[in-house]
Amino acid sequence: MLVFIVRRLGTMVLTMVVVSILLFLLLEINSAGVAIKVLGPYTSEEQRNLWLEANGYFRPIYIRYFSWLGNFIVGDFGDSIRFKVPVGEILWPRLASTGILGLAAMAVVIPLSLILGVLAGMREGSTLDRVISVGSIVTTSIPEFASAVFLSTIFVFYLDILPGTSSMSDGFSVVQLILPAMVLILYDFGYVTRMTRASMAEVMTTHYIRTAVLKGLPYKTVIMKHALRNALIAPFTVIMLQINWLLSGVIVVEFAFAYKGFGALLLEASLNQDLFMIEACAMVAVFVAVITQMIADIGYTYLNPRIRFA
Amino acid sequence: MFKSLALIRESIVGMVGLALILFWVFVAVFADVIAPFPPNATIMPMALPGMEGPDGAVFWLGTDHIGRDILSRIIHGSRRVLIFAPLATFCAYAVGIPMGLAAGYRRGMTDDVLSFIGNIILSFPVLVLYVIIIATLGASAINILVAVTFASAPGIFRIVRGLALDLRNREYVFAAETRGESPWRIMMIEILPNARGPLIVDACLRLGYVIITIGVLGFLGLGLPPPDPDWGGMINETRSMATSFPHMTIFPVIAISSLILGFNLLADGLREVSLRD
């Protein structure tokens, strides 16, 4: 098990290193371009060269990469071109807001989709299964920006009970969190439900479930004691990988509701060519994605005795 | 698999999906005939659905903030989606399939290197990748194709690789090897056709995702440039007015959702009938 964890950690570090090289090459290989982005287009050649000299841009590219990487590891991401303050000062609070939004969504998605998935998979082909399956296809077919519009039309325009934007300008407010979280929930729960259903349906066809039913155990006991334990292994992985999706989802949702979070920051930074902010956001996004993937892998191995020490 | 394409008639869900897709294909083909107004003409701003225009023609779905007929724009916008999404998906397959076949059939170094590259691209949250690529390269039709190909090819690679790993041990592959056929001939003629079942289902799902992607990029203001109608772009342009004039945003939203739903239902139906036999 330990060897497995160490190997996964190694893969993770290697992935992060390659991603950082790609990102660095994509955004910083052209140092003249960097100077224009940082100093603005209306600067003289001389000013730009002075800035490049002062910031060590005339060193060979691999030295530049290593010094950049070194700064990154200790959390020095450089100054945001747009906000004129260190990137970290903006990034960490924004990441925390997104964390709250993501937690709020996950707190509903996980129980809801597990319950619906188990109910549907318990009796494959029943009316309840049909309804839940079609319902989950329909909700995953509505993209987040579409459900954002649907939900705001209903709750803001017709019913007028929720605020249409969630900028939280007067401090944190739970009411403003409802719509963005609802959009994420609506899009995400369908997929987890379908995966749970498939896993449950598969377990229900196994011999040990048939044995349990045939030896006369009450149906409830069969489900609770025998089926659930095995059926919930796969959804665990799916839920962990869902965090990767959530990072994509928050870009749309935060843009739609003007929620000041990580996704909106990344989009803003990209649109404004805020170089160091893009780099920091992208690395954080990939880091979160890779680490959740690793937890999913390790957890799956731990939960499933058949593939332990693989 | 062609048998199960015909069998789709037995799946109600699949038939509903197919009907939705064919409806939009029909609309896109006959857009010039069906659309009551030219899509970019500014006629009467802020008309509500059902209001009559200056010459007595009815704006069935109303007009947008600068007076363009929403129904006509949705009808013409279907062309853009139905050309770009399949084209982008096709490009992604054109890159993903050869790589997947090579990795799955040859294994060894080829597999290790290609899988590593694929895993790295897949470790990016998809939309983060799109936003960075499009914002760096600029929003244009070609760049959107490049971004979609770059981000989707690794997923296709993984599926094809898995299928090739399984199929390479079949007797007909050994037979072809004994006949002395070249590796690429074996991959394209022996392995690929036998992997088509899962690939067709995947293509349907993927088309749905690509439509979402193109819509999302339009919605974020990174889509195809105006003025030609683009569903995602229409939603973005009018969403600030959605609380007072919801008709401007809600109809493009229904259009794009119904098309995605069509592809997802068709994929589900295809999977259902292909599992049956």
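What follows is a chat about a predicted model with two chains, A and B.

Q: Let's start with chain A: how many helices and strands are there in it?
A: In this predicted model, chain A has 13 helices and 0 strands, and its pattern along the sequence accordingly reads α-α-α-α-α-α-α-α-α-α-α-α-α.

Q: And what box do the C-alpha atoms of chain A fill?
A: Taken along the principal axes, the box is roughly 85 × 60 × 30 Å, and of the 310 residues in chain A, 36% count as buried.

Q: What is the domain assignment of chain A?
A: The assignment gives domain 1, covering 2-73, and domain 2, covering 87-303; the centres of the two, taken over C-alpha atoms, are separated by 34 Å.

Q: How many residues of each domain are in contact with the other?
A: On the side of domain 1 of chain A there are 13 residues, and these are in contact with 14 residues of domain 2 of chain A. Helix 1 (2-28) and helix 2 (31-39) of chain A each supply at least two residues of the domain 1 side, with the largest share, 10 residues, coming from helix 1 of chain A.

Q: By class, how do the residues on that domain 1 side divide?
A: The side of domain 1 of chain A that touches domain 2 of chain A divides into 9 nonpolar, 2 polar and 2 charged residues.

Q: Staying in chain A, what span should helix 4 have?
A: Helix 4 of chain A, residues 61-73, has 13 residues and should span 18 Å at 1.5 Å a residue, which agrees with its end C-alpha atoms being 18 Å apart. Just after helix 4 of chain A comes Gly75(A), which takes a positive phi of about 85 degrees.

Q: Over to chain B then, what does its secondary structure come to?
A: Chain B comes to 12 helices and 2 strands, and from the N terminus on the elements run α-α-α-β-β-α-α-α-α-α-α-α-α-α. Its C-alpha trace spans about 75 × 45 × 30 Å along the principal axes, and 49% of the 277 residues of chain B count as buried.

Q: What about contacts in chain B between residues 24 or more positions apart?
A: Such pairs account for 70% of the contacts in chain B that have a separation of 6 or more, while for chain A the corresponding share is 72%.

Q: Where is Pro49(B), and is it buried or partly exposed?
A: Pro49(B) is in the loop between helix 3 (31-34) and strand 1 (51-52) of chain B, and because it has 16 C-beta neighbours inside 10 Å, it counts as partly exposed. Pro49(B) and Leu145(B) are 96 residues apart in sequence, and their C-alpha atoms are 35 Å apart in space.

Q: Is helix 10 of chain B largely enclosed or largely exposed?
A: Helix 10 of chain B is largely enclosed by the rest of the structure, since 19 of its 24 residues are buried. From its first C-alpha to its last, helix 10 of chain B reaches 34 Å, close to the 34 Å expected at 1.5 Å a residue, and just after this helix Gly221(B) takes a positive phi of about 80 degrees.

Q: How many residues does each chain bring to the contact between chains?
A: The contact takes 34 residues from chain B and 37 residues from chain A. On the chain B side, the elements that give two or more residues are helix 5 (108-122), helix 6 (126-137), helix 10 (196-219) and helix 12 (246-276), and the largest share, 11 residues, comes from helix 12 of chain B. By class, the side of chain B that touches chain A has 23 nonpolar, 9 polar and 2 charged residues.

Q: Which residues touch the most other members of the largest nonpolar core?
A: The largest nonpolar core has 135 residues, and those touching the most other members are Cys281(A), Val128(B), Tyr130(B), Val131(B) and Ile211(B). Helix 4 of chain B, residues 70-106, gives the most to this core, with 16 residues. Apart from this core lies another one, of 9 residues, among them Leu114(A), Met122(A), Ile223(A) and Ala227(A).

Q: What is Val131(B) in contact with?
A: Leaving aside neighbours within four places in sequence, Val131(B) is in contact with Ile251(A), Leu266(A), Leu267(A) and Ser270(A) in chain A, together with Leu222(B) in chain B.

Methods: Residues numbered from 1 in each chain as written. Chains lettered and ligands numbered in written order. Predicted model: local features only at pLDDT ≥ 70, side-chain atom pairs only at ≥ 80, totals over all residues. Core = buried A, V, L, I, M, F, W, Y, C linked by C-beta atoms within 7 Å. Buried ≥ 20, exposed ≤ 12 C-beta atoms within 10 Å, placed from the backbone. Helix = DSSP H or I, 4+ residues; strand = E, 2+ residues; numbered from the N terminus. Contact = placed C-beta atoms within 7 Å. Nonpolar A, V, L, I, M, F, W, Y, C, P; charged D, E, K, R; others polar. Domains from an automatic or database assignment. Expected span 1.5 Å × (residues − 1).
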